[in-house]
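Biologist: Please show me the protein chain, and let us then work through it by question and answer.

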Amino acid sequence: MGETVTAPDWGETVLTVSNMHCGGCVRGIERALGETAGVAEARANLTTKRVRVRFDPARIDVQGLVKALASTGFQAARFDGGLDAADSEQRLLLRSLSVAGFAAANIMLLMVGVWAGLAGDMESVTRDLFHWIAAAIALPTVAYSGRPFFRSAWSALRVRRLNMDVPISLAVLLATGMSLWQTWTGAEEAYFDAAVMLLFFLLIGRFLDARVRGKAREAAGNLLALSATEATVIDQETGAHHRIPAGEVAVGDRVLVASGEKIPVDGRILEGSTQLDTALVTGETMPAAAKAGDTVYAGCVNLGGAVTIDAISMADDSLLAEIARLMENAQQGRARFVRLADRAAKIYAPLVHTLGAATFAGWMIYGAGVEQSLMTAIAVLIITCPCALGLAVPAVQVVAAGRLMRRGVLVKTGAALERFAEIDRVVFDKTGTLTFGQPSLLAPESIADDDLRLAASLAAVSRHPLSQAVVRAAEERFGTIGAAPDALETAGAGIQAGNVKIGSAAWCGVTDAPQQDQTALWLARPDATPVAFHFHDRLRPDAKAAIDTLRGWGMRTAILSGDEQGPVAAVADELGVDEAHARLSPKDKIAYLENCKANGVRVLMVGDGLNDAPALAAANASLSPATAADISQTAADMVFQGASLSAVPEAIAVAQAARRRVFENFGLAVLYNSVSIPFAVMGYVTPLLAAAVMSTSSILVTMNALRLRGRSAP
């Protein structure tokens, strides 16, 4: 017999990487960890400067992961939930920016005096003194404020790698070194003002970049910050109350939530009833009623009386924590546009150095002096930094994902936005998607007491939605209903106790029932006329408005359902859907989607059930409600919270607006390089002007992305 191979028990950790600055860094980190023995998967997130690693603890530990990154020039440490690399970077950038700005203002005042003296009768001794004072201010400023660039460049060069900070650091050091040499030799001009102002402008661009990326962390991080920090746990033996950190609440603990408090963990109400503010979790603005037996989620605010809940998850496994993780995953995806920008940025660094060296050599051959040739080359190094190109896509994705999250739509991958932007047809499942998937008994008052009580006693043993609707109607009339002791359920048919049956018409022997009516149960017993129980499933409140919006945009809509023709046609007529297809198996739904693809139609599938998961995966793009089966949520590109179906047009509108912003940003980056690089090579751009132009291009790209925070439609 062959030897049994045991699958490894994978561990998972999150590392924070302080010197992750660009798409090239992301690729380098993932490649370094991916090539390390014992690592199954590594996903780097540029926005949060973190790496989620899945590894085999038997082959490598966290320190081994840190060493693997250190060998390629990346400074990593285990993320402990405190101040991480992204927060530390913003603090460093802000301090460096403040010092550079203060120094630049003072050096500029000195240079104004020198410039005025050059036009007058200033003696060389006075001019040299001003230059030395400027040097005394500039040198420590460059050493301090240049750290964000110098550290990153050195980490890359140490392992024979190039990144965007290498040409920037080279330009700053060359400008400072030349100025010091000119001051030492008593030249009329020095460029300390240019070197420090260069740093100042570069730091402005880098700080704004960090702030934009920080918006994504804030979007997800604010969710967790809004959750409760403490919980009141009830000792189940003594009844004593204890206040403990919310993170220490265990599954099965009983937690008391007083009026006005936030629910600390997901749980089920054991005692009490109340009203909850669920806006944080579902996006619903109206308070929701909650009573014993209802499930409540961490982050909701108790607006009514005190309730006791049974914890069904720990704080780290709550719905709120899962939303935050989905937001982080949304920024990790490698969308097509991101890959395009990354490939362009990858070839930039060697191209920049080659262009800078060629510019210096060309000007020297042309007959210019070393000073002019070097200053022109420095301007080229600065102006060709691909910051705008590197920001073009991530800035848009961050803002778009944040906007959708505020409206209750969770983007699971960055590529989802691209796919949603290309949609021209939307197909819906019916039950649980267009409707709530919670049928209720139609006209219960017309059913006799004995019939309703008998039917409910059989239905009480079943979890089928129609059976549960019968039980709910009976409990509203009679109170608690006991289950028939000898009742047995036959899957797909009904329930039987002795000679009494409740179920489908065929199973109950009813021959005159409408064949297409699936949403009915029949109660059959000897020597009595069968009794029909009809049901209706309430539509989502804004389903028609969502359909009308999509059709107004020129998109065709359809229903793909496994239900019978009658109920499907009724919903389609009420909502004004273009097509309605009933009695479809999962294979039939996939065949419909494949036919659409073959005809060049890009389809968005919106569904919630287990049988919808294959169709969700097969569609060009997919969306699922938060109440969907786990497998459907896994297959979907986005998940929406709450009861509103307006999430469908909202997701499409934001995705299409995001695509426009991406194209505009690419256009801005191309225009910037097409205009600025020739001028820099020809010597019309000083290093100071190059820094200002380069930073301005990054700011323009960022501001263009922030336009997504407003409302837009296709």
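The questions below go from the whole chain to single residues.

Modeller: This is a predicted model, in which local features need pLDDT of at least 70 and side-chain atom pairs count only at pLDDT 80 or more, while totals for chains, interfaces and linings use all residues. Residues are numbered from 1 along each chain as its sequence is written, and side-chain values use heavy atoms, with hydrogens and water left out.

Biologist: How many helices and strands does the secondary structure of the chain come to?

Modeller: Helices (H or I, at least four residues) and strands (E, at least two) are DSSP runs, numbered from the N terminus. Counted in this way, the chain has 24 helices and 26 strands.

Biologist: What percentage of the residues in the chain is buried?

Modeller: A residue is buried under 20% relative accessible area, exposed over 50%, and partly exposed in between, with a 1.4 Å probe and protein chains only. The chain has 714 residues, and the buried share of them is 51%.

Biologist: Among contacts between residues at least 6 apart in sequence, what percentage joins residues at least 24 apart?

Modeller: Contact means heavy atoms within 4.5 Å. Of the contacts in the chain between residues at least 6 apart in sequence, those joining residues at least 24 apart make up 69%.

Biologist: Which residues does Ala 171 touch, not counting residues up to four places away in sequence?

Modeller: Ala 171 belongs to helix H6 (residues 165-184). Its relative accessible area is 0%, so Ala 171 is buried. The C-alpha atom of Ala 171 is 9.5 Å from that of Leu 374, although 203 residues separate the two along the chain. Leaving out residues up to four places away in sequence, Ala 171 touches Leu 198, Ile 378, Leu 381 and Ile 382.

Biologist: How far apart in space are Met 375 and Val 685, C-alpha to C-alpha?

Modeller: Met 375 is part of helix H11 (residues 370-383). With a relative accessible area of 8%, Met 375 is buried. Met 375 and Val 685 are 310 residues apart in sequence, yet their C-alpha to C-alpha distance is 9.3 Å.

Biologist: Is Val 125 buried or exposed?

Modeller: Val 125 lies in helix H4 (residues 124-145). Gly 186 is 61 residues away in sequence and 8.8 Å away in space, C-alpha to C-alpha. The relative accessibility of Val 125 is 61%, and therefore Val 125 counts as exposed.

Biologist: At what angle do the axes of helix H18 and helix H23 cross?

Modeller: Axes are lines fitted to C-alpha atoms, for helices over the stretch in contact, and angles run from 0 to 180 degrees between N-to-C directions. The axes of H18 (residues 543-552) and H23 (residues 647-681) come within 8 Å, and they cross at roughly 35°.

Biologist: Which residues of H18 and H23 make the contact?

Modeller: Ala, Val, Leu, Ile, Met, Phe, Trp, Tyr, Cys and Pro count as nonpolar, Asp, Glu, Lys and Arg as charged, and the others, Gly among them, as polar. By these classes, the contact of H18 with H23 has five nonpolar residues, one polar and no charged. H18 provides Ala 546, Thr 549 and Leu 550, and H23 provides Val 648, Pro 649 and Ile 652.

Biologist: What kind of aromatic pair do Trp 363 and Tyr 366 form?

Modeller: Rings of Phe, Tyr and Trp (its six-membered ring) pair if their centres lie within 6.5 Å; planes under 30 degrees apart count as stacked, over 60 as edge-to-face and the rest as tilted. Both residues lie in helix H10 (residues 336-366), three residues apart, about one turn of the helix. Trp 363 is buried at 16% relative accessible area, whereas Tyr 366 is exposed at 68%. Their centres are 5.8 Å apart and their planes are at 75°, so the pair is edge-to-face.

Biologist: Where is Asp 527 found?

Modeller: Asp 527 is not a glycine, but its phi is positive, near 60°. At 87% relative accessibility, Asp 527 counts as exposed. Asp 527 is found in the loop between strand E20 (520-524) and strand E21 (531-536).
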